[in-house]
Amino acid sequence: VGCNCAPPDTNGAVGLTQYVQMVNEGYQVFNKATGASVLGPTAISAIWAGFGGVCQTSGSGDPVVLYDHLANRWLISQFAGSPPSTECIAISTTSDATGTYNRYGFLLGTNFFDYPHLGVWPDGYYMAMNIFNSSGTAFLGPQAFAFDRTRMLAGLSATFVTPGITGGASEPSFLPSDIDGSILPPAGTGN
């Protein structure tokens, strides 16, 4: 899809009836039962057509696709416009990955935000990233984010919270927890 990027940052997720595969700047949707392609391959930025801004014009890959088993929705993301860095997150309006999406462009800051990993949790969508200086030459440390899942599922304006960079350059990277299945953590359990 116009990018011979290395590494390809391949990932995928399985939903009720579909499998979604992402490779840097492209994605494809497959029928889970037959393996037949039902959409794509196409550019991830096509999800943001008509949205405007860097999510529509400057998608830079590092894609993540998750299936939110709690809501039967898809989460598709990539970063754009770096720096300043924006995380583009789209939440499907149904369990069909070929349908419409609630779209968001979250401005993260003026550093270089890299290697996003996301997770579905009952009280939010969580993300961890590695933060570098604006030229990408010095690692500053990892940073966690929590996005307002409830508002994103409803298609309402949404925000995020973050403690900022934690621990500095000596702290190892971390990953958010992700629920894959029907067993929920006890109510109030933090990610």
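## Overall build

Of the 191 residues of this protein, 38% count as buried. The model is a predicted one. The accessible surface comes to about 8700 Å². Carbon and sulfur atoms account for 55% of that surface.

A compact globule of 191 residues would have a radius of gyration near 16 Å. The protein has 16 Å, so the value agrees with that expectation. Along the principal axes, the C-alpha atoms fill a box of roughly 45 × 45 × 30 Å. Contacts that span the sequence can be counted as well. Take the contacts between residues at least 6 apart in sequence: 46% of them join residues at least 24 apart.

## Secondary structure

The protein holds two helices and twelve strands. Read from the N terminus, the order is β-β-β-β-α-β-β-β-β-β-β-β-α-β.

## The β5-β6-β7-β8 sheet

Four strands form an open sheet in the order β5-β6-β7-β8. Their pairing is antiparallel. The edges are β5 (64–68) and β8 (101–109). Each edge strand has a single partner strand, so one side of each is left without a neighbour in the sheet. On average, neighbouring strands of this sheet are turned by 20° against each other, direction ignored.

One pairing can be followed down to residues. Strand β7 covers residues 85–92 and runs antiparallel to β8. Eight bridges join β7 to β8. Cys88 has its bridge partner in β8, namely Gly105.

## Asn24: a buried loop residue

Asn24 sits in the loop between β2 (18–23) and β3 (26–31). Its relative accessible area is 6%. Buried means under 20%, so Asn24 counts as buried.

The side chain of Asn24 makes polar contacts with backbone atoms. One of its polar atoms lies 2.9 Å from the backbone oxygen of Pro7. The Asn24 side chain also reaches the backbone nitrogen of Asp62, at 3.2 Å.

Pro7 and Asp62 are also among the residues that Asn24 touches, with residues up to four places away in sequence not counted. The list includes Cys3, Cys5, Pro8 and Asp9. Ser60, Gly61 and Pro63 are in contact with Asn24 too. Ile44 and Gln78 complete the set.

Conventions:
Residues numbered from 1 in each chain as written. Predicted model: local features only at pLDDT ≥ 70, side-chain atom pairs only at ≥ 80, totals over all residues. Heavy atoms only, no water. Pairing = 2+ DSSP bridges. Axes fitted to C-alpha atoms, helices over the stretch in contact; angles between N-to-C directions. Rg over C-alpha atoms; globule rule 2.2 N^0.38 Å. Buried < 20%, exposed > 50% of the residue type's maximum accessible area, 1.4 Å probe, protein only. Contact = heavy atoms within 4.5 Å. Areas by Shrake-Rupley, 256 points an atom, 1.4 Å probe, with all protein chains shown as cover. Polar contact = N/O pair within 3.5 Å; in protein donor to acceptor, adjacent residues only side chain to side chain.
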